[in-house]
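Here is a short briefing to read alongside the model. Please keep the structure open as you go through the points.

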Amino acid sequence: MKKVGIIRCQQTEDLCPGSTDFKVAKEGSLAFQDTGAVEIIGFVSCGGCPGKRAVSRAKVLVERGAEAVVFASCISKGNPIGFACPHFEKMKEAIIKKIGPEIQIIEYTH
Ligand code: SF4
């Protein structure tokens with residue numbers, strides 16, 4: 001079973017505890033159809049706008065065994081209020097530069 005670390009939007013924590021992320025990861029559904037069910041080894045927030053702290057957090061997730069770093073849908077799709085992160089692309093780019101291209105990036109959860 002693939003090990004993943006999930007990064008979520010800190011601004012959305014008041015609205016959503018990430019329940020659907022855990023559900024689809026366990027089921028291997030939606031964003032996890034290709035990987036099958038995954039083990040979540042860490043579930044962290046971006047650290048707040050503009051998301052710079054997500055870079056070091058992604059690195060820690062990889063050090064703790066994550067084989068893929070997953071952006072929760074609150075970041076890339078703006079769930080549940082339709083307000084996607086304006087820093088998503090920059091955050092993703094900086095994370096890939098930090099953790100290297102061999103770590104899979106999954107851009108949403110559901
Ligand atoms: S940087 Fe993006 S993901 Fe992080 S709190 Fe701000 S809007 Fe949310």
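By class, the second largest pocket is lined by 4 nonpolar, 2 polar and 4 charged residues (Ala, Val, Leu, Ile, Met, Phe, Trp, Tyr, Cys and Pro count as nonpolar, Asp, Glu, Lys and Arg as charged, and the others, Gly among them, as polar). This is a predicted model, in which local features need pLDDT of at least 70 and side-chain atom pairs count only at pLDDT 80 or more, while totals for chains, interfaces and linings use all residues. Residues are numbered from 1 along each chain as its sequence is written, and side-chain values use heavy atoms, with hydrogens and water left out.

**Pockets**
- The second largest pocket has a volume of about 170 Å³; a pocket is an open set of points on a 1 Å grid over the protein atoms alone, where a 1.4 Å probe fits, with protein on both sides within 12 Å along at least five of seven lines, and lining residues have an atom within 4 Å of a point.
- A volume here is the space filled by probe spheres set on the points, which are joined across faces, edges and corners.
- Its lining includes Pro 50, Gly 51, Lys 52 and Val 55, along with His 87 and Lys 90.
- Helix H4 gives the most to that lining, with 5 residues (helices are DSSP runs of H or I with at least four residues, strands are E runs of at least two, and both are numbered from the N terminus).
- The largest pocket holds about 260 Å³ of space.
- Of the 20 residues lining the largest pocket, Cys 9, Gln 11, Thr 12, Phe 83 and Cys 85 lie nearest its centre.
- The lining of the largest pocket has 12 nonpolar, 8 polar and no charged residues.

**Helix packing**
- The axes of H2 (residues 53-63) and H4 (residues 88-99) come within 9 Å and cross at roughly 40°; axes are lines fitted to C-alpha atoms, for helices over the stretch in contact, with angles from 0 to 180 degrees between N-to-C directions.
- H2 is therefore oblique to H4 (angles under 35 degrees count as roughly parallel, over 145 as roughly antiparallel, 65 to 115 as roughly perpendicular and the rest as oblique).
- Ala 54, Val 55, Ala 58, Lys 59 and Val 62 in H2 meet Met 91, Ala 94, Ile 95, Lys 98 and Ile 99 in H4, where contact means heavy atoms within 4.5 Å.
- This contact of H2 with H4 has 8 nonpolar, no polar and 2 charged residues.

**Backbone**
- Cys 49 and Pro 50 are joined by a cis peptide bond with omega of about 10°, and Pro 50 sits in the loop between strand S2 (38-45) and H2.
- Leu 30 is not a glycine, yet has a positive phi of about 50°.
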